[in-house]
Amino acid sequence: MIRLVDVSKTFYADGIAKTVASRISLTFASGRSVALIGRNGAGKSSLLKIISGTMRPDSGHVEAVGSVSWPVGFAGSFHGDLSGLQNTRFVARIYGVDTDQLVDFVHETSELGDQFYLPFRTYSQGMRARLGFATSMGIDFDTYLIDEVTSVGDESFRQKSEHMLRARLETRAAIVVSHSAPLLKRMCKAAVVIENGEAAWFDDVDAALRQHRQNMELQPSPI
């Protein structure tokens with residue numbers, strides 16, 4: 001279970017303020033997968049980072065029961081000078097899981113081959129996402145934070161990653177960000193629509209997608 005209590009976050013650039021969360025209070029129940037829907041720049045990824053603890057809110061706080069992953073697909077915590085192997089070993093020690101088991105799982109799942117032994121800074125964006133995805137899937141979290149991970153890589157890897165996620169989410173919870181409406185409907189049972197820093201809960205993903213389309217029509221994104 002994850003609870004957001006009056007969470008607020010504003011970014012400032014060139015004297016312009018952009019509020020992505022304005023006193024948001026939400027509860028994500030255990031064992032339920034929820035889609036996070038909103039226009040580009042609405043704050044979906046920022047909210048995932050706040051939930052994971054990699055970004056601090058300006059005010060409010062997050063309460064979590066059980067273990068929560070970092071945003072799957074986000075590889076910002078990996079060290080550039082360490083290899084994929086070394087980064088995986090470091091993560092295993094941090095989370096207290098069997099190092100050899102995690103290394104074997106990540107090496108096979110990421111499909112990086114010999115590049116698994118090269119420095120992380122030499123990886124392409126797709127390779128970084130594969131390493132982040134495989135490392136996350138190798139740890140049994142209670143709640144997975146998923147940020148566009150199935151959009152990375154070739155079709156074979158996308159199908160494999162979605163199949164693995166759906167199997168994992170049969171017994172675990174998730175908060176899922178994706179621009180693919182069909183994927184959200186396949187993976188999620190409820191949704192939250194983010195618009196102008198506010199969050200609206202929907203028990204039906206189709207209803208949430210309709211609201212999102214209405215938001216886009218009423219206030220198109222700036223060119």
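Modeller: The account below begins with the sheet, then turns to a cavity, a second hairpin and a pair of helices.

The model is predicted, so local features need pLDDT of at least 70 and side-chain atom pairs count only at pLDDT 80 or more, whereas totals for chains, interfaces and linings use all residues. Residues are numbered from 1 along each chain as its sequence is written, and side-chain values use heavy atoms, with hydrogens and water left out.

The open sheet has 3 strands in the order β2-β1-β4, paired in the antiparallel sense. Strands here are DSSP runs of E of at least two residues, helices are runs of H or I of at least four, and both are numbered from the N terminus; two strands pair if DSSP finds at least two bridges between them. The edges are taken by β2 (16-28) and β4 (59-64), each with a single partner strand, so one side of each is left without a neighbour in the sheet. On average, neighbouring strands of this sheet are turned by 25 degrees against each other, direction ignored.

Strand β1 (residues 2-13) is joined to β2 by 9 bridges in the antiparallel sense. In this pairing A13 stands opposite I16 of β2. Helix α1 (residues 44-52) packs on the sheet and touches β1, β2 and β4, its direction making about 125 degrees with that of β1. Contact means heavy atoms within 4.5 Å, and angles run from 0 to 180 degrees between N-to-C directions, with axes fitted as lines to C-alpha atoms, for helices over the stretch in contact.

The strands β1 and β2 also form a hairpin with 2 residues between them, and D14 in its turn has a positive phi of about 55 degrees.

Next comes the largest cavity, lined by I2, F28, A29, R32, T143, A173, A174 and I175. A cavity is a set of points, on a 1 Å grid over the protein atoms alone, where a 1.4 Å probe fits but cannot get out, and lining residues have an atom within 4 Å of a point. The volume is about 30 Å³, taken as the space filled by probe spheres set on the points, which are joined across faces, edges and corners. Strand β7 (residues 173-177) gives the most to this lining, with 3 residues.

A second hairpin is made by β8 and β9, with 2 residues between the strands, and N196 takes a positive phi near 55 degrees. Strand β8 (residues 190-195) and strand β9 (residues 198-202) run antiparallel, joined by 5 bridges, and A191 stands opposite F202 in β9.

Finally, helix α3 (residues 99-110) packs against helix α5 (residues 155-168) at an angle of about 135 degrees, the axes being 11 Å apart. That makes α3 oblique to α5, since under 35 degrees counts as roughly parallel, over 145 as roughly antiparallel, 65 to 115 as roughly perpendicular and the rest as oblique. In this contact F105, E108, T109 and S110 of α3 meet F157, K160 and M164 of α5.

Technical notes:
1 Å grid on protein atoms, 1.4 Å probe; cavity = no way out; pocket = protein on both sides within 12 Å on 5 of 7 lines; lining within 4 Å.
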